[in-house]
Amino acid sequence: MRRLLQPWTTAEILVVATMGIAIGLIWVPWTWFYQATAAVLGPWAAHFVGGFWLIGGVITPYIVRKPGAALLGELIAALAEMPLTPWGAIVLIAGLIEGGACELFFLATGYRRFSLPWLMGAAAFGGLAFSLLYLYPIQGWGRLAIEAQVLYTLMRMAGAAILAGGGAKLIADALVPTGVLDAFPIARERRPEI
Amino acid sequence: MSQGIYMETSSYLHRLNPVTKFVLVIPTTLILTLVVDIAVPALFSLFFLLALLVLGRIPPSRLARALLPFLPAGIGLLWTTAAFYQTRMAEAPAVALDLGPLQLTRAGIIYAVSIVLRVLAIYTSSLLFLLTTHPTDFILALVQQCRLPVRLGYGVMAAYRFVPLLSTELAQIRAAHRVRGVPEGGGALAAPRRLLGYAIPLLASGIRRAQQVAVAMDARALGAQRRRTFYRHLRFSGSDLAFLLAYAVFAVVVLSLLVWMGLPARLDPFGGPAMRR
């Protein structure tokens with residue numbers, strides 16, 4: 001518990017920033033993939049693909065396990081993506097909603113639960129928040145048929161859980177054996193106490 | 001820092017404080033999501049496009065290129081919104097366009113056009129920031145005007161400096177894989193597996209370098225003093241105030257025009273309590 005209240009070290013800030021920027025760069029081609037899916041298969045499939053935008057709010061808290069990591073990771077990723085995708089400044093507001101929702105989820109668990117189902121839950125919760133607070137008002141979902149509203153929201157949540165929750169676990173776990181995360185809780189919890 | 005679609009030139013908009021330009025996106029998004037109408041978002045889009053052309057000195061061809069990606073997204077949003085529109089009881093469910101399995105009502109088409117224009121207007125307000133603001137200046141302004149912690153602001157900028165190194169690093173990893181005889185492989189799963197094989201070492205070396213830079217920043221006591229000096233000073237000036245005022249006047253005029261003409265505007269944040277059958 002005491003660890004949670006300590007201020008962030010510079011190393012933690014830099015590692016979260018690096019992860020955030022790397023994810024923001026992956027999001028750039030992902031934007032075009034998302035657009036192509038929307039054009040070819042329709043919005044229901046695109047909302048599944050769009051769930052990947054939650055990964056910044058899941059992977060950094062999984063590594064650092066400190067308050068603020070979800071919000072910061074997602075915001076830095078959005079900042080890195082911003083000049084390279086056509087969406088512009090609005091992606092920071094999207095990042096704020098998505099990262100904030102993931103942060104709330106981890107806060108509710110006391111920053112103690114980081115197994116796969118919890119990561120997927122955090123991502124799905126972020127996807128739900130993004131649907132309700134961003135897509136509903138901006139794309140005016142409220143006047144669509146109720147079936148479309150439910151389908152869009154569920155696809156967003158499922159995509160977030162699988163692509164963002166599962167993807168975060170896959171990438172971060174593959175990084176642990178390289179040893180670069182040895183100073184962080186994700187690697188420390190795997191070492192036997194001496 | 002990578003410039004992205006930022007356009008390097010000198011203009012009134014370029015000289016504004018980045019925070020001023022960013023802040024405008026927020027009231028624009030709020031106003032437009034509250035109003036379901038065709039004229040209001042069209043006028044807002046026009047305001048931002050004209051500002052970019054005249055005050056931002058962005059050439060029309062460059063602006064057109066920046067707007068191009070909106071086209072597929074706009075078309076997708078247009079037809080799906082019209083198709084899934086739930087007709088209200090008060091409205092005649094008159095079919096305006098019959099495309100076999102897809103029947104679009106008049107109300108649905110009008111609503112879809114207003115939603116697409118809304119997204120276009122928010123998009124152009126975003127573009128105004130993006131085309132005229134260097135990403136580094138934005139972080140500097142956040143540190144200087146919004147009291148973003150120095151370690152965080154400079155940390156993000158330092159991490160962004162790694163990006164240009166990625167291509168040389170990727171070449172190294174490829175060479176290393178080849179020396180060790182990692183099969184380039186065939187089959188459907190070969191490409192994603194190879195991608196992960198490159199991504200993990202790339203990320204690992206990035207994280208390693210991040211921790212080295214963190215030690216260097218700590219060794220120089222970055223952020224240890226409460227007050228610090230800057231090589232480049234950004235500040236709020238009269239032109240920031242003038243632009244914000246012009247925006248406020250524009251928004252008030254448009255909205256009062258809307259009320260005066262009795263256009264079908266409603267306070268409608270979630271699409272309104274549509275009556276369902």
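# Questions about a two-chain model

Visitor: How far apart are the end C-alpha atoms of residues 117–138 of chain A?
Guide: The chain is 100% helix and 0% strand over residues 117–138 of chain A. Helices (H or I, at least four residues) and strands (E, at least two) are DSSP runs, numbered from the N terminus. From one end of this span to the other, the C-alpha atoms are apart by 30 Å.

Visitor: At what pLDDT do side-chain atom pairs count?
Guide: Residues are numbered from 1 along each chain as its sequence is written, chains are lettered from A and ligands numbered from 1 in the order in which they are written, and side-chain values use heavy atoms, with hydrogens and water left out. This is a predicted model, in which totals for chains, interfaces and linings use all residues and local features need pLDDT of at least 70, while side-chain atom pairs count only at pLDDT 80 or more.

Visitor: Which feature does UniProt place at residues 117–138 of chain A?
Guide: The unreviewed UniProt entry gives one feature name to residues 12–32, 44–64, 76–97, 117–138 and 150–172 of chain A. Positions follow the numbering used here, feature names are shortened, and annotations may be inferred rather than shown by experiment. Residues 150–172 of chain A are 100% helix and 0% strand, with end C-alpha atoms 32 Å apart.

Visitor: How much area do chain A and chain B bury between them?
Guide: In this model 55 residues of chain A are in contact (heavy atoms within 4.5 Å) with 62 residues of chain B. Buried area is the accessible area (1.4 Å probe) that two parts lose on being put together, summed over both. Carbon and sulfur atoms carry 74% of it here, and the two chains bury about 4900 Å².

Visitor: Which residues in chain A lose the most area to chain B?
Guide: Three residues stand out on this side. Together they account for 16% of what chain A buries against chain B, and they are Thr10(A), Leu14(A) and Arg143(A).

Visitor: How many residue pairs are in polar contact across the interface of chain A and chain B?
Guide: The count of salt bridges (a side-chain nitrogen of Lys or Arg within 4 Å of a carboxyl oxygen of Asp or Glu) between the two chains is zero. A polar contact is a pair of N or O atoms within 3.5 Å; within protein, one must be able to donate a hydrogen and the other to accept it, and residues adjacent in sequence count only if both atoms are side-chain atoms. With both residues at pLDDT 80 or more, the number of pairs across the interface is eleven.

Visitor: Which helix supplies the largest share of the side of chain A that touches chain B?
Guide: Six helices of chain A each supply at least two residues of that side: α2 (10–40), α3 (43–50), α5 (69–81), α6 (90–108), α7 (116–139) and α8 (146–175). The largest share is 13 residues, and it comes from α2(A).

Visitor: Is Arg118(B) buried or exposed?
Guide: Arg118(B) sits in helix α6 (residues 106–132) of chain B. Beyond its neighbours within four places in sequence, its contacts include Pro137(A) and Gln139(A) from chain A, and Leu32(B) and Pro41(B) from chain B. A polar atom of its side chain lies 3.1 Å from the backbone oxygen of Leu32(B). Buried means under 20% relative accessible area, exposed over 50% and partly exposed in between (1.4 Å probe, protein chains only), so at 2% Arg118(B) counts as buried.

Visitor: Which residues are linked with Asp173(A) in a network of salt bridges?
Guide: Another salt bridge of Asp173(A) has an N to O distance of 3.1 Å. That pair links distant parts of the chain, its other member lying 17 residues away in the segment after α9 (185–188) of chain A. The residues linked with Asp173(A) are Lys169(A) and Arg190(A).

Visitor: Which residue forms a salt bridge with Arg232(B)?
Guide: Arg232(B) lies in the loop between α10 (190–219) and α11 (238–261) of chain B, and its partner is 95 residues apart from it in helix α7 (residues 135–145) of chain B. Nine of the eleven residues of α7(B) are buried, so this helix is largely enclosed by the rest of the structure. Its cover includes α5 and α6 of chain A. The closest N and O atoms of the salt bridge are 2.9 Å apart, and the partner is Asp137(B).
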